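Here is a short walk through one structure. Keep the sequence and the 3D view at hand as you read.

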2 protein chains.
Amino acid sequence: MENQKFTIGIDIGGTNTVSGIVTDDGECVGQTQFLTQECRTIEDFRKKLVSTITQLCLNQKSYGRLAGIGIAAPAARFREGIIQSPANLKWDSVNIVSILQQDFDVPIIVVNDSKAAAVGEKKYGKAKGMSDFIVVTLGTGMGAGIFTGGKLLEGAHDMAGELGHVIVEENGRMCGCRRRGCIETYVSANGIRRTVFELLSLRTEESELRTISYQDLTSEKVHELAKKGDHIALEVLDRTGAYLGAMLANVAVSFDPEAIILTGGVVHSGNFLIDPTIESFNKHLLAQHRAKIPVIASIFRDGEGAIVGVCSLLEGMPNELEQPSSTKRQERVTSTFS
Amino acid sequence: MENQKFTIGIDIGGTNTVSGIVTDDGECVGQTQFLTQECRTIEDFRKKLVSTITQLCLNQKSYGRLAGIGIAAPAARFREGIIQSPANLKWDSVNIVSILQQDFDVPIIVVNDSKAAAVGEKKYGKAKGMSDFIVVTLGTGMGAGIFTGGKLLEGAHDMAGELGHVIVEENGRMCGCRRRGCIETYVSANGIRRTVFELLSLRTEESELRTISYQDLTSEKVHELAKKGDHIALEVLDRTGAYLGAMLANVAVSFDPEAIILTGGVVHSGNFLIDPTIESFNKHLLAQHRAKIPVIASIFRDGEGAIVGVCSLLEGMPNELEQPSSTKRQERVTSTFS
């Protein structure tokens, strides 16, 4: 027991923050979550995070000692340890690593959530053995983690794979990035909600969707109504898939991957979204690519891929990501927390 | 003199085929070209190519002996040595390496023209020292060579970087790939011609462009008329730049490169195309990318970048590209051709 250690992985999403213990062999246990949205300030959020981590450690003594904390977050800048001007969070740039380092004297890293999910997918999920693949995260927003030639694509400014901000409609929907027509305004959970309200304005059909306010509507609810045969809900998911599939076909001609893996809440609500996505993808694909690039759903749910992914980077001190050269994080100090 | 050697590089374009001697230190001399378009069959083309290569060798004895032939071509499949179903050439798939190997007993390789241009740009051009950059080739069609993390991006099926086939208009212009709305149908030399004819149909202004048939119109002519202040010509190039810049901004959020380098005939006809391209690029860029990703014109003209690029691969037997394991090309046989 003395030698056993565990890490804690945290996936910060625009809606939920999911945390879990990750064991030495990459399993995620004891998951717990709270609403990110309910934290109005970064100080609220910090308190919630510290109490979550502390509670997880106390509950999970049997796993040994805490060896590090991995954070997966949108707009994360690994080298600086910050979350930079996140479009879907309530606060501005923050050095999340320094903040947590005050309470936990273990190595802490922050990695872009989609990149973490891609690492998790390669190490434990559907991308095992693949060199070129793309993991698309559909949550409150949309992101991507991309491997090319066996390596995680970071880009020249640590910003590669911001596929959610590919513009698909000139002068289209307003986006959190202050531009218009980004794909995430059409296909993320938020995009689905917007399409519902667009269709409610265009159509005259009855729909239970007419009884729900914009604020209360979730993409889960849309899926639930689609299952019941609600015409508006079905058309919303068809349209969403049509957008997503067409955009992924453009990604395919650009990157030529072995597979595209979809992850995030909206992916796991049955086939109402996946089916039209694949149909549209195949329709838009170059002839030479046909039947060569599967679009598949991740085996992970609720940020688990990102959680095990970011923790695997912490463990090995990655070959996929370069470690910053002059921070405490590098020292691999581990403290006994049990 | 005995020890000196040279290679021949050939850039096969939809309109012209340019050939040149490449010296040991990567200089391209004695360039010559013929019209690809005038070769109706692959046999016509082979004859023309063999006589060109032979003539180049005879003329350039002073450079030593022929050590290899590098071919840059659209739709090239390096590993198989073929040009596969090229959209802008008059013949179907052909094993160009085997065909030339009958006449020249030296190592011969065929590499995608845009990838060759990217290699040339990294070795001798504007991408020296860069790890992440994109070279966009605007010719009869449009292609791209992409470096990520210091490596040429090949993709899972040797087809990465087909950026010309990113669809930008659902149900847009018909493309040689049998789909619709590909960016190359708007921004290649051919795309420029199509935009001229679209605008001639929409507008009533006088223009010298009204005196030229579709077949006779070149993008050089459009530039020439733009210089003279022709309104239609100017609007055509503005529109072309608007399309290209918007599309390159999407490429920037996907790949996060250090720079985007434009090459090919239409790039070197003054600033009528480059300026609106950069304007549109900056307008569509994510805030975090602003002022970080220059869009620049290559120093190379007339396929020279691809010619020196493909020959540099031949020389070193590349670390950028894997060599096929069981072909004659690998033997590094050199013959004396002087």
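Begin with one contact in chain B. Arg173(B) forms a salt bridge with Glu198(B), and the closest N and O atoms are 2.7 Å apart. This pair links distant parts of the chain. Arg173(B) sits in the loop between strand E10 (151–152) and helix H4 (184–187) of chain B. Glu198(B) belongs to helix H5 (residues 189–202) of chain B. Arg173(B) has 12% relative accessibility, so it counts as buried. Glu198(B) has 32%, so it counts as partly exposed. Keep in mind that the model is predicted.

Now turn to chain A. Glu198(A) forms a salt bridge with Arg173(A), with the closest N and O atoms 2.6 Å apart. Here too the pair links distant parts of the chain, 25 residues apart. Glu198(A) lies in helix H5 (residues 189–202) of chain A. Arg173(A) lies in the loop between E10 and helix H4 (184–187) of chain A. Glu198(A), at 32% relative accessibility, counts as partly exposed. Arg173(A), at 12%, counts as buried.

Another salt bridge of chain A joins Glu80(A) and Arg77(A). Its closest N and O atoms are 3.7 Å apart. Glu80(A) counts as partly exposed, at 38% relative accessibility. Arg77(A) counts as buried, at 12%. Over all chains, the count comes to 26 salt bridges.

Next come the sheets. In chain A, five strands make an open sheet in the order E10-E9-E8-E11-E12, and the pairing is mixed. Strand E10 (151–152) and strand E12 (295–297) of chain A stand at the edges. Each has a single partner strand, so one side of each is left without a neighbour in the sheet. What holds such strands together? Strands of a sheet pair through backbone hydrogen bonds, either parallel or antiparallel.

Look at one antiparallel pairing in chain A. Strand E8 (residues 133–138) and strand E9 (residues 142–148) of chain A pair in this sense over six bridges. Leu138(A) stands opposite Met142(A) in E9(A).

Phe133(A) lies in strand E8 and Phe147(A) in strand E9, so the pair ties together parts that are 14 residues apart in sequence. Phe133(A) is buried, with a relative accessible area of 0%. Phe147(A) counts as buried as well, at 1% relative accessibility.

Rings also pair in chain B. Phe34(B) and Phe45(B) form a tilted aromatic pair, 5.8 Å centre to centre, with 55° between the planes. Phe34(B) is in strand E3 (residues 28–35) of chain B, and Phe45(B) is in helix H1 (residues 42–59) of chain B. The two are eleven residues apart, and their pair links distant parts of the chain. Are these residues buried or exposed? Phe34(B) is buried, and so is Phe45(B). In chain A, ring pairs link Phe34(A), Phe45(A) and Trp91(A) into a cluster. The structure holds eleven aromatic pairs over all chains.

Back to sheets, now in chain B. Its open sheet of five strands has the order E10-E9-E8-E11-E12, with mixed pairing. E10 and strand E12 (295–297) of chain B stand at the edges. Each has a single partner strand, so one side of each is left without a neighbour in the sheet. Strand E11 (residues 259–263) of chain B pairs with E12(B) in the parallel sense, over three bridges. In E12(B), Val295(B) is the bridge partner of Ile260(B).

Helix H3 (residues 113–124) of chain B lies across strand E8 (133–138), strand E9 (142–148), E10 and E11 of chain B. Helix H3 runs at about 50° to E9(B).

Finally, how are the chains related? Chain A can be laid on chain B by a turn of 180° and a shift of 0.0 Å along the axis, with an RMSD of 0.0 Å. That is the relation of a two-fold axis. The same surface serves both copies: 100% of the contact residues of chain A recur in chain B.

Note on methods. Residues numbered from 1 in each chain as written. Chains lettered and ligands numbered in written order. Predicted model: local features only at pLDDT ≥ 70, side-chain atom pairs only at ≥ 80, totals over all residues. Heavy atoms only, no water. Pairing = 2+ DSSP bridges. Helix = DSSP H or I, 4+ residues; strand = E, 2+ residues; numbered from the N terminus. Salt bridge = Lys/Arg side-chain N within 4 Å of Asp/Glu carboxyl O. Buried < 20%, exposed > 50% of the residue type's maximum accessible area, 1.4 Å probe, protein only. Contact = heavy atoms within 4.5 Å. Axes fitted to C-alpha atoms, helices over the stretch in contact; angles between N-to-C directions. Least-squares fit on C-alpha atoms with pLDDT ≥ 70 in both. Phe/Tyr/Trp six-rings, centres within 6.5 Å; stacked < 30°, edge-to-face > 60°.
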